Amino acid sequence: MPTFLQSALAGLALAAAFAMPALADGLKDEIAPTGKLRVAIAISPAGGAFWSTKTESGYSGVPVDLGKEMAAQLGVAVEYVVHQNSGQITDAAGKGTWDVTWLPKDPERETKMMFGPIYEVADATYIVKPGSSVTNFATLDQAGIKVAAVNATTTMRGAVAHLKNAKVTGYQTYDEIFALLKSGEIDAFALSRDQLNKMAQKIPGTRVLDETFKKTVTAVAVPLGHNQALAFVTKFMTDATTNGTLRRAYDNNGLKDAPIRTE
């Protein structure tokens, strides 16, 4: 092999050796600028593929497990940044307080963060209070009917668009709405069907309506402008869907019977 060709190949190999760590360092600087992967989570007993819960030793939930695995792949520690709902996570997207999250996606949120692959599709509907005469959307959408939703969420925006006569009010926490429904102070609560079915078991006499007013999709997300981070989390979720990581996160958090829905 001619000397000049050997030198050229050696130069390329040397450049590649230096470039790979540089790319890795650049990714870490973008996705974990504090030296930790800060995962935004929302706390609630609702369960499901989005909500996380407080435990005696820390936190549990699908986003908790995924964040821990992602941090391990990056070689950094994980830190959970707690919020009351997905609206608060969205509001903090431009403040530099979190690095990655998993939350419901909609057009409004796409103006504030960048989304990777969808990993859950849920049907949004309503649960009505004990003793309610409401049996469907038509009887729900009446003047004087009080409907609650978690504030500034995709489900709340969907309910506001769906109901023309009933009044939709946003509350900060799931727990607050649960108490209002149980006491009969509100007529209905808008949320995903699987979570409402669990709620119905805890409040006798409630009814989950059969119809669906919105399909809610949940996906991984990073702040705007974090293009390297987006490429990394996209690959992470694509791999997690096929290598069993996502399935394990579901199974570990009470979702063994829940299918993974990506579209």
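This is a predicted model: local features need pLDDT of at least 70, side-chain atom pairs count only at pLDDT 80 or more; totals for chains, interfaces and linings use all residues.
Visitor: Which element gives the most residues to the lining of the largest cavity?
Guide: The structure holds 1 cavity of 30 Å³ or more, and its volume is about 210 Å³. Its lining has 19 residues, with F50, W51, P104, T155 and Q195 lying nearest the centre, and the elements that give two or more residues to this lining are β6 (113-128), α5, β9 (188-192), α7 (193-202) and β11 (214-223). The element that gives the most, with 3 residues, is β6.

Visitor: How many residues in the lining of the largest cavity are charged?
Guide: The lining of the largest cavity comprises 19 residues. Of these, 8 are nonpolar and 9 are polar, while the number that are charged is 2.

Visitor: Which element gives the largest share of the largest nonpolar core?
Guide: This core has 31 residues, of which I31, L37, M70, V100, W102 and V233 touch the most other members. Several elements give two or more residues to this core, among them α1 (3-31), β1 (36-42), α2 (62-74) and α8 (227-243). The largest share, 7 residues, comes from α8.

Visitor: Is A152 buried, partly exposed or exposed?
Guide: A152 is found in the loop between β7 (146-150) and α5 (154-162), and its phi is near 60°, a positive value in a residue other than glycine. Buried means under 20% relative accessible area and exposed means over 50%. Because the relative accessibility of A152 is 29%, this residue counts as partly exposed.

Key: Residues are numbered from 1 along each chain as its sequence is written. Side-chain values use heavy atoms; hydrogens and water are left out. Helices (H or I, at least four residues) and strands (E, at least two) are DSSP runs, numbered from the N terminus. Buried means under 20% relative accessible area, exposed over 50%, partly exposed in between (1.4 Å probe, protein chains only). On a 1 Å grid over the protein atoms alone, a cavity is a set of points where a 1.4 Å probe fits but cannot get out, and a pocket is an open set with protein on both sides within 12 Å along at least five of seven lines; lining residues have an atom within 4 Å of a point. Grid points are joined across faces, edges and corners, and a volume is the space filled by probe spheres set on the points. Ala, Val, Leu, Ile, Met, Phe, Trp, Tyr, Cys and Pro count as nonpolar, Asp, Glu, Lys and Arg as charged, and the others, Gly among them, as polar. A nonpolar core is a set of buried Ala, Val, Leu, Ile, Met, Phe, Trp, Tyr and Cys residues joined through side-chain atoms within 4.5 Å.
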